[in-house]
Amino acid sequence: MICGQVRFVGLCALALGLGVMAVSAQVGTVEERVSRHAVKLAGDSDFAAIDKAVKDKRIVILGEAGHSDGRSFEIRTRMIFHLIEDLGFDALVLEGAGPLSSITVKSDFAQVWMPAWANVKECQPLIEAVNSGRVPVFGMDPTVDPYTALSLQYFMTAVDPEFASGIDWERLNDINYSLYLRHLPEMDPEDEAFLIDLLPRVKNHCNKLLAQGNGDKKSLKLMLLGLDNFVNAFADFKIPRVKPEVEIPEDYEMLIVGNNLRDFQMAANLEWYLQQNPDHKVVVWCANFHGARDLSQCEFPRDPSSYIRTRILGEHLARKYGDELYSIAFVDPGPAKGELCMENYLAEKMDYGFIDFTPLRYSEEFFGKPFYANALRRKQALWMNMFDGIYFLSEQKRSTWLQ
């Protein structure tokens with residue numbers, strides 16, 4: 001009898017102890033509890049924890065919180081070199097560069113990449129690696145660059161010189177440059193009519209050649225891809241420009257339309273590349289915003305429904321590739337220093353860190369628990385449903401523009 005009482009008391013004590021442990025795990029803000037799961041990295045070239053998370057993935061997205069995050073540029077460049085040279089990834093796919101120009105202008109990549117990256121000091125090692133062939137690249141952005149029309153001319157002439165000779169390439173190049181500079185509030189009606197006639201006609205001719213087995217198959221496929229992107233850029237130009245300082249519903253509607261149009265084509269371009277290269281694994285350079293798996297898990301304060309109605313690159317890729325995709329957001333304390341934010345807890349513990357969200361996402365401790373973080377500026381969101389992991393750096397620095 002005494003033995004049974006002792007056993008009962010012991011079991012009660014064990015249950016109480018386990019209960020205390022479970023409660024203690026829940027103590028603290030969600031932000032602080034999330035920070036406990038960070039792996040402290042030895043420095044800005046320590047990628048061992050990231051390797052474990054991404055080594056078997058086909059697509060790894062490396063995001064950035066802002067287009068002037070110079071320190072993130074430097075670290076992502078090192079990470080890209082490592083993933084390609086040590087982990088077997090085959091190419092870098094970029095926001096801010098078009099697919100055709102990234103193929104035709106390989107020796108001077110800065111000419112076809114978005115100036116926010118091409119013209120800053122921190123990205124020069126990456127540009128040099130692209131120019132030398134050390135890092136193979138493919139541009140996924142439908143936004144035109146100065147060489148888009150010239151690239152179309154190059155491929156069309158290679159496929160069918162006679163047909164190409166009947167196209168007014170000089171005029172198309174002038175329109176291309178206007179689309180690139182965006183210096184006109186609207187397109188000249190005659191130029192618009194020219195595009196409306198030309199683009200479908202060239203597309204139909206390429207499809208005919210492809211169906212008949214005439215011409216180089218790869219060049220024809222590139223032509224069709226380039227035409228799709230030019231149409232997308234033309235459609236985007238037709239959307240009234242959003243003025244950031246004017247916060248009215250109509251502006252947000254146009255922003256949503258523009259993002260949906262652009263991100264759909266970015267995803268289509270990346271999917272096209274992977275279809276042409278079925279054995280390739282790729283690293284993607286883009287903003288955190290474009291890389292989120294599900295933007296609806298975050299609310300945009302000034303227009304609460306806008307993120308639900310926006311379909312971005314990461315969402316298209318997540319639906320298509322599922323667990324073959326791993327999306328990493330780069331974060332730092334930024335302007336949220338002193339406020340409730342995951343990054344501030346991380347800054348107390350480490351200079352560099354990594355959190356793999358995938359084993360935490362559906363855990364009892366974090367499932368359905370929003371918290372504040374800086375991935376899209378400081379917001380409260382279900383971040384674990386938006387990204388697969390976060391790379392943390394305690395100090396950010398603005399990128400340095402070249403003279």
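**Close-up views of a predicted model**

View 1. With a relative accessibility of 12%, Arg361 counts as buried, because the cut-off for buried is under 20% relative accessible area. The structure shown in this and the following views is a predicted model. Arg361 belongs to the loop between β7 and β8. Its side chain reaches the backbone oxygen of Phe387 at a distance of 3.1 Å. Leaving aside residues up to four places away in sequence, Arg361 touches Arg293, Phe366, Phe367, Met384, Asn385, Phe387 and Asp388.

**View 2. Arg377 in a loop between two strands.** Arg377 is found in the loop that runs between β8 (371-373) and β9 (379-381). Its relative accessibility is 67%, so Arg377 counts as exposed. The phi angle of Arg377 is near 60°, which is a positive value in a residue other than glycine.

**View 3. The ring pair of Phe330 and Tyr391.** The structure holds 15 aromatic pairs, and in one of them the ring centres of Phe330 and Tyr391 are 4.7 Å apart with the planes at 20°, so this pair is stacked. The pair links distant parts of the chain: Phe330 is in strand β6 (residues 325-331) and Tyr391 is in strand β10 (residues 389-393), 61 residues apart. Phe330 is buried, with a relative accessible area of 1%. Tyr391 is also buried, and its relative accessible area is 0%.

**View 4. The ring pair of Phe357 and Phe371.** Phe357 and Phe371 form an edge-to-face aromatic pair, with 6.5 Å from centre to centre and 75° between the planes. This pair, too, links distant parts of the chain, with Phe357 in the loop between β7 (352-356) and β8, and Phe371 in strand β8, 14 residues apart. Phe357 has a relative accessibility of 0% and counts as buried. Phe371 is buried as well, at a relative accessible area of 1%.

**View 5. A cluster of aromatic rings.** Five residues are shown here: Phe73, Phe109, Trp113, Trp117 and Trp285. Ring pairs link these residues into a cluster.

**View 6. Charged side chains over ring faces.** Two examples are shown. Arg134 lies over the face of Phe81, at 3.8 Å from the ring centre. Lys281 lies over the face of Phe89, and here the distance from the ring centre is 4.3 Å.

Conventions
Residues are numbered from 1 along each chain as its sequence is written. This is a predicted model: local features need pLDDT of at least 70, side-chain atom pairs count only at pLDDT 80 or more; totals for chains, interfaces and linings use all residues. Side-chain values use heavy atoms; hydrogens and water are left out. Helices (H or I, at least four residues) and strands (E, at least two) are DSSP runs, numbered from the N terminus. Buried means under 20% relative accessible area, exposed over 50%, partly exposed in between (1.4 Å probe, protein chains only). Rings of Phe, Tyr and Trp (its six-membered ring) pair if their centres lie within 6.5 Å; planes under 30 degrees apart count as stacked, over 60 as edge-to-face and the rest as tilted. A charge sits over a ring if NZ of Lys or CZ of Arg is within 6 Å of the ring centre and within 35 degrees of the ring normal. A polar contact is a pair of N or O atoms within 3.5 Å; within protein, one must be able to donate a hydrogen and the other to accept it, and residues adjacent in sequence count only if both atoms are side-chain atoms. Contact means heavy atoms within 4.5 Å.
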